[in-house]
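Please keep the sequence and the structure in view while reading.

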Amino acid sequence: MGVKGRSRGRRTAAGVAAALALATAAACSGGGDGDAPGAGDAAASARPAPSPASDWDTSPDSVAAIGDSITTGFDTCSLLADCPEASWATGTAPEVDSLADRLLGDPSGRVWNHAAAGAKMADLPEQAARAAAHDPALVTVLIGANDACGASVARMTPTEQFRADFTEAMETLRREAPDTQVYVASVPDLMRLWSVGRESVVAARVWQLGICPSMLRDPAAVDPTAAERRERVAERVDEYNTVLREVCAADEHCRHDGGAVHDYRFSAEELSPWDWFHPSRSGQRVLAELAFRHVTAPQAP
């Protein structure tokens, strides 16, 4: 039996044990021949229904990552290049201490990264299919910034299309890997990135090359038009995060971060010195810490 099979076996055994315990309790407390008619039913209805035990595995033994350039470690090691060893999800760099390293210790042969720089939510179903082929215990998802970072506000991905694509990705995972757990990180706060780098001459020059123009174009501008543009991007990010949370909540094997990534206030040191947009190694470590905290928590946030 493979590692995933062992994980499923543990959950199945736990479920059988829980069912036997509930059956024993019902036999002891239910109405017997000597009970008054309906007394057992009345007592049962007066008691609150037991909460179902969560079958979330806090120590998954294999990890597949899907998403965008944040998960490929883009601009972490060098300019305009992926740096998979620095990925928060599956990297091997000691200073990052990725989620896979924290969960698995030695992740050799049990880690796969199918994220791609520039990916949007429309690309996630295909990535999900590739990840599902490994039958991993856990799939991580961090995507959405590129959907909000259009050439203009009008070019941002419509929220309902974002929902449809994410729903399709989750359905693909469920069809191909029904027991795989999914950790979904929220979309980072793009307004926060602007506020951190807007006074940097280097950041302003780099952003003018076309990095997230819907939010970062003309970073020094604070006129009403510029402010409204940035606010509309921030609102769209909030809408995306609502979609991620709602779609994930409808899946029994999915856990959302509760907005932890979006709420984290990245500092200048935690952003890439080449683009002031992607996480630096310090920023990747933050993402790994947040993910590990939520994956290993007894309850979802």
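The account begins with the model as a whole and then turns to selected helices and residues.

This is a predicted model, in which local features need pLDDT of at least 70 and side-chain atom pairs count only at pLDDT 80 or more, while totals for chains, interfaces and linings use all residues. Residues are numbered from 1 along each chain as its sequence is written, and side-chain values use heavy atoms, with hydrogens and water left out.

The predictor's confidence in each residue is expressed as pLDDT, from 0 to 100. For this protein the mean pLDDT is 86, and 82% of the residues reach 70 or more. Residues 1-53 have a pLDDT below 50, and in the model this stretch has 21 contacts beyond near neighbours in sequence; a contact means heavy atoms within 4.5 Å.

The protein contains 13 helices and five strands. These elements are DSSP runs numbered from the N terminus, helices being H or I with at least four residues and strands being E with at least two. Of the 301 residues, 48% count as buried. Buried denotes under 20% relative accessible area, exposed over 50%, and partly exposed the range in between, with a 1.4 Å probe and protein chains only. Among contacts between residues at least 6 apart in sequence, 72% join residues at least 24 apart.

Which residues of helix H5 are buried? In H5, residues 124-132, they are Leu 124, Pro 125, Gln 127, Ala 128, Ala 131 and Ala 132. These residues lie on the same side of H5 because they cover an arc of only 160° around the axis, the arc being that of the directions from the helix axis to the C-beta atoms. The partners against which the buried residues of H5 pack are strand E1 (63-67), strand E3 (138-142) and helix H7 (159-176).

Two packed helices are described by the angle between their axes and the distance between the axes. Helix H8 (residues 190-197) packs with helix H11 (residues 224-249) at an angle of about 140°, and their axes are 8 Å apart. Axes are lines fitted to C-alpha atoms, for helices over the stretch in contact, and angles run from 0 to 180 degrees between N-to-C directions. H8 is therefore oblique to H11: angles under 35 degrees count as roughly parallel, over 145 as roughly antiparallel, 65 to 115 as roughly perpendicular and the rest as oblique. H8 contributes Leu 190, Met 191 and Trp 194 to the contact, and H11 contributes Arg 230, Glu 231, Val 233, Ala 234 and Val 237.

H11 also holds Asn 241, which counts as buried at 7% relative accessibility. Apart from neighbours within four places in sequence, Asn 241 is in contact with Ser 186, Val 187, His 256 and His 262. Asn 241 and His 262 are 21 residues apart along the chain, and their C-alpha atoms are separated by 8.5 Å.

His 253 is placed in the loop between H11 and strand E5 (254-256) and is buried, at 7% relative accessibility. Not counting residues up to four places away in sequence, His 253 touches several residues, including Asp 55, Trp 56, Arg 174 and Pro 178.

Two aspartates remain to be considered. Asp 75 has a positive phi, near 60°, and is placed in the loop between helix H3 (69-72) and helix H4 (99-104). Asp 218 has a positive phi near 50° and is placed in the loop between helix H10 (213-216) and H11. Asp 75 is buried at 2% relative accessibility, whereas Asp 218 is partly exposed, with a relative accessible area of 39%.
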